[in-house]
Amino acid sequence: MEMKKGIAILLVCLMSLKGKQVSCSTLDMEGLQFYKVHENYELEIAALKSEMVFLQDRVTQLEKNVDSSGTGVLIEDRTGGTKYTNHILKKRAVRRRRIRRPEVAFQASLTIESASFKLYDTIIFNSVITNIGNAYNKHTGIFTAPVSGTYTFNTNIVSEKGHYVEASIEVNDIVTVSAISDHRISPDGAYFTTWDQGNAVAILKLKRGDKVSVSVQWPQGNHVIHGVGKSSFSGCLLRSHERR
């Protein structure tokens, strides 16, 4: 009641300052309008408080549901409320480690002392050192991609004395990169005194089922490759493009 009287006096003062004659009826009408606006604000504030309580209860319930699913942890903060401590990234990292990603790697070498090949022949590296995923066939010398992805391949070639060999890494019979080894007779009629080892590296985007091999590409005739582990073929999967 005292508050209402104070508000009425304030209205009289303000209207007097503006030079407006104040009557009881004017005061009553304007005071009534003010009270109505004040009551409306109080109702709106009460409604908002009620909605905030409802939303807070809802958030708390959702947090409990998330916590029970095992993807996070609820802890008490200093204000006494609850908050969701985000451990989802750590949980996902653990799950990724548990998911076994495809692992593909192989290495094979030519173990016989020397092997003869003709033009376009596939070089068969007969001794398998590593064959994770069993994608390399030592009988055909062909690697078959078990999954689509990015791969890297490497070949080392040493030609036998008196021979020149150009060997290439092929994908589905298409040449990508080549290695050259030259061990021919020098102009003075003597063999070169050093072994010449050619090397080629390819990084390839393959589809599942693509075939990769090493073949003799040049020149015509019979070519002899020196083995005993000096010539080899290897490769591995860098990244799979297939969804787990």
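## Rings, strands and a salt bridge

Modeller: Let's start with the rings: Phe106, Phe125, Tyr136, Phe143, Tyr151, Phe153 and Phe233 are linked into a cluster by ring pairs. Keep in mind that this is a predicted model, where local features need pLDDT of at least 70, side-chain atom pairs count only at pLDDT 80 or more, and totals for chains, interfaces and linings use all residues. Residues are numbered from 1 along each chain as its sequence is written, and side-chain values use heavy atoms, with hydrogens and water left out.

Colleague: Why is the aromatic pair of Phe106 and Phe153 called tilted?

Modeller: Ten aromatic pairs turn up in a search of the whole structure. In this one, the Phe106 and Phe153 rings sit 6.3 Å apart, centre to centre, with 50° between their planes. Rings of Phe, Tyr and Trp (its six-membered ring) pair if their centres lie within 6.5 Å; planes under 30 degrees apart are stacked, over 60 edge-to-face, and the rest tilted. So 6.3 Å makes a pair, and 50° makes it tilted.

Colleague: Which strands hold Phe106 and Phe153?

Modeller: Phe106 is in strand β3 and Phe153 in strand β8, so-called distant parts of the chain, 47 residues apart. Strands here are DSSP runs (E, at least two residues), as helices are (H or I, at least four), numbered from the N terminus.

Colleague: What makes Phe106 count as buried or exposed?

Modeller: Its relative accessible area, which is 3%. Buried means under 20%, exposed over 50%, and partly exposed in between (1.4 Å probe, protein chains only). Therefore Phe106 is buried, and so is Phe153, at 1%.

Colleague: And what kind of aromatic pair do Tyr151 and Phe153 form?

Modeller: A stacked one: 6.0 Å centre to centre and 20° between the planes. Tyr151 and Phe153 are both buried.

Colleague: Which residues have the most contacts inside the largest nonpolar core?

Modeller: Ile123, Phe125, Phe143, Tyr151 and Phe153, in a core of 29 residues. What makes it a core is that buried Ala, Val, Leu, Ile, Met, Phe, Trp, Tyr and Cys residues are joined through side-chain atoms within 4.5 Å. Two or more residues each come from several elements, including β3 (105-109), β8 (149-158) and β9 (163-171). The largest share, four residues, is from β9. Nonpolar side chains tend to be buried together in soluble globular proteins.

Colleague: Why is Asn222 called partly exposed?

Modeller: Because its relative accessibility is 43%, which falls between the 20% and 50% limits. Asn222 lies in strand β13 (residues 222-226), where four of the five residues are buried. Leaving out residues up to four places away in sequence, Asn222 touches Ser116, Phe117, Lys118 and His163. β13 pairs with β4 over five bridges, in the antiparallel sense, and Phe117 stands opposite His223 in β13.

Colleague: How do you know that Arg208 forms a salt bridge with Glu242?

Modeller: The rule asks for a side-chain nitrogen of Lys or Arg within 4 Å of a carboxyl oxygen of Asp or Glu. The closest N and O atoms of Arg208 and Glu242 are 2.6 Å apart, so the pair qualifies. Arg208 is in the loop between β11 and β12, and Glu242 is in the segment after β14, 34 residues apart. By this rule the count is one salt bridge. With 51% relative accessible area, Arg208 is exposed, while Glu242, with 27%, is partly exposed.

Key:
Contact = heavy atoms within 4.5 Å. Pairing = 2+ DSSP bridges.
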